[in-house]
Amino acid sequence: MAKSKAGSGGWRQGLRRQEWRQFWYSAGVLAFALGVLLVTTAARQYDIKLIVTVTDCVTGQPIQGATVNVLSAATARGSQYLATTDASGQVVIEPVRVGDVDHTVEVLAAGFRTVTKSQYMRAWSTVEMNICLEPVAAPPTETPTVTPTL
């Protein structure tokens with residue numbers, strides 16, 4: 001018994017099996033390509049370049065070897081980036097992968113007070129921070145008092 005084209009299969013009966021395979025193969029390739037495009041775009045959408053310059057508050061001189069710690073609580077585990085300043089007191093951290101949120105920037109150096117600042121970082125931006133550290137005052141030294149004995 002032959003089936004008619006106007007039967008229960010409707011418009012699909014007009015397409016041969018090979019044409020359907022080609023259609024679904026093409027649809028699958030297109031879906032895969034779109035997925036790859038979305039993943040690579042999503043991975044780069046938060047790239048931020050952070051430039052931190054660290055100086056001595058008293059002398060204005062750059063501080064070499066200061067540790068810059070960048071924290072973000074935007075993710076469940078948080079993100080952390082550590083870097084050390086160069087001879088010009090500068091450090092460039094990139095890519096910072098979480099944008100459009102506040103980040104905590106902590107700067108530590110031997111002989112100086114630690115500074116912690118909150119900085120909003122917008123996705124696809126360059127953020128420049130100038131941070132000065134105050135020297136820790138050395139404790140006063142006591143001079144021994146000598147009393148002459150007679």
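Colleague: Which residue in β4 stands opposite Leu50?

Modeller: The model is a predicted one, in which local features need pLDDT of at least 70 and side-chain atom pairs count only at pLDDT 80 or more, while totals for chains, interfaces and linings use all residues. Residues are numbered from 1 along each chain as its sequence is written, and side-chain values use heavy atoms, with hydrogens and water left out. Strand β1 (residues 48-56) and β4 pair in the antiparallel sense over 5 bridges, where two strands pair if DSSP finds at least two bridges between them, and where the elements are DSSP runs numbered from the N terminus (helices H or I, at least four residues; strands E, at least two). Across this pairing, the residue of β4 that stands opposite Leu50 is Ile93.

Colleague: Is Val107 buried or exposed?

Modeller: Leaving aside neighbours within four places in sequence, Val107 is in contact (heavy atoms within 4.5 Å) with several residues, among them Val54, Ala66, Ile131 and Leu133. On the scale used here, buried means under 20% relative accessible area, exposed over 50%, and partly exposed in between (1.4 Å probe, protein chains only). With a relative accessible area of 0%, Val107 is buried.

Colleague: How many residues lie between β5 and β6 in their hairpin?

Modeller: Strands β5 and β6 pair in the antiparallel sense over 7 bridges, whereas β2 and β5, which also run antiparallel, are joined by 5 bridges. In the turn of the β5-β6 hairpin, Gly111 has a positive phi of about 85 degrees. The number of residues between the two strands of this hairpin is 6.

Colleague: What is the relative accessible area of Asn69?

Modeller: Asn69 has its place in strand β2 and, not counting residues up to four places away in sequence, touches Gln80, Tyr81, Leu82, Thr104, Val105 and Glu106. Asn69 counts as buried, because its relative accessible area is 9%.

Colleague: How many residues apart in sequence are the parts that the disulfide ties together?

Modeller: The structure holds 1 disulfide, a term for a pair of cysteine sulfur atoms within 2.5 Å; this one joins Cys57 to Cys132 at an S to S distance of 2.1 Å, and the link is right-handed, with 85 degrees about the S-S bond. Cys57 is partly exposed at a relative accessible area of 31%, and Cys132 is also partly exposed, at 38%. Because Cys57 lies in the loop between β1 and β2 (67-72) and Cys132 in strand β7, the sequence separation of the parts tied together is 75 residues.

Colleague: With which residue does Glu134 form a salt bridge?

Modeller: A salt bridge requires a side-chain nitrogen of Lys or Arg within 4 Å of a carboxyl oxygen of Asp or Glu, and by this rule the count comes to 1. The pair links distant parts of the chain, 21 residues apart, with Glu134 in the segment after β7 (126-133) and its partner in the loop between β5 (101-108) and β6 (115-121). The closest N and O atoms are 3.9 Å apart, and the partner of Glu134 is Arg113.

Colleague: What percentage of the residues in the protein is buried?

Modeller: The protein has 1 helix and 7 strands, which run α-β-β-β-β-β-β-β from the N terminus on. Among contacts between residues at least 6 apart in sequence, 54% join residues at least 24 apart. Of the 150 residues in the protein, the buried share is 25%.
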